[in-house]
Amino acid sequence: MEVNKSAEMSRYRKIGQNTFEEFIDMATLFHNYPAPGLLIGGYMVEEAKLHVPAGTLYEAISETSWCLPDAIQMLTPCTIGNGWMRVMNFGIYALSLFDKYTGEGIRVWLDYDKMPADSELRVWFTKSKTKKEQDSDKLREEIGMLGTDILSWRPRHSATRPADKTQQRGDCFLSILRRGISPAARPGLPLLPGRFPLYRCRGRAIPHSFSAA
């Protein structure tokens, strides 16, 4: 029986130095529930850390206020309390770690195109089913087995620029699902037919690195 349990555990990707099961326990203690977004966030944070040179004093940005900030606070020195983490709620499942002196860093996001077409992960990401209708066990299994395979990353700089004039006209398209905006990252985000989300810019300045995912 123990052999079978070990074989089952070996199917899942580690999150840093922690097994998937260990991180689930950590998430439960910190977040009160091992939410899918937090488990994915664990992989995102560890992937970002791989691209930050050792010894770098870095800060963090989360582009959603849901779950991802807790993954950052669990796995890095960056917290809202110490001012090293900022939450910019664009409704995008993405995070950045960057050198606090140079602004150079890495941006990691959950990539819709890398999710298997028939996966429960896509159902969760698009909210094409209600939470009650979703298969949470299957979703958790997929997260643990896919790990970082569903993520993308690129270098980034923390500089910002004003939004384009076309983005200052009230309602506008910032992105579709393939650009990273997801109802899972920003509940209540209105969707157009075909489930492409509509983002209300409201004339806000948009960080340069977020403008061309």
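A: A polar contact is a pair of N or O atoms within 3.5 Å; within protein, one atom must be able to donate a hydrogen and the other to accept it, and residues adjacent in sequence count only if both atoms are side-chain atoms. The model is predicted: local features need pLDDT of at least 70, side-chain atom pairs count only at pLDDT 80 or more, and totals for chains, interfaces and linings use all residues. Residues are numbered from 1 along each chain as its sequence is written, and side-chain values use heavy atoms, with hydrogens and water left out.

Q: What makes Asp135 a cap of helix 6?
A: A side-chain oxygen of Asp135 lies 3.3 Å from the backbone nitrogen of Asp137, to be set against the limit of 3.5 Å. Helices (H or I, at least four residues) and strands (E, at least two) are DSSP runs, numbered from the N terminus. After helix 6 comes Gly147, with a positive phi near 55°.

Q: Why is Cys67 called buried?
A: Buried means under 20% relative accessible area, exposed over 50%, and partly exposed in between (1.4 Å probe, protein chains only). Cys67 is called buried because its relative accessible area is 16%. Cys78 counts as buried because its relative accessibility is 0%.

Q: How do you know how many disulfides the structure has?
A: A disulfide is a pair of cysteine sulfur atoms within 2.5 Å. The search of the whole structure finds zero.

Q: What makes a set of residues a nonpolar core, and how many residues has the largest?
A: The set consists of buried Ala, Val, Leu, Ile, Met, Phe, Trp, Tyr and Cys residues joined through side-chain atoms within 4.5 Å. The largest such core has 41 residues, and Leu110 and Leu121 have the most contacts inside it. Helix 3 gives the largest share, seven residues.

Q: Why do strand 1 and strand 2 count as paired?
A: Two strands pair if DSSP finds at least two bridges between them. Ser62 stands opposite Val87 in strand 2.
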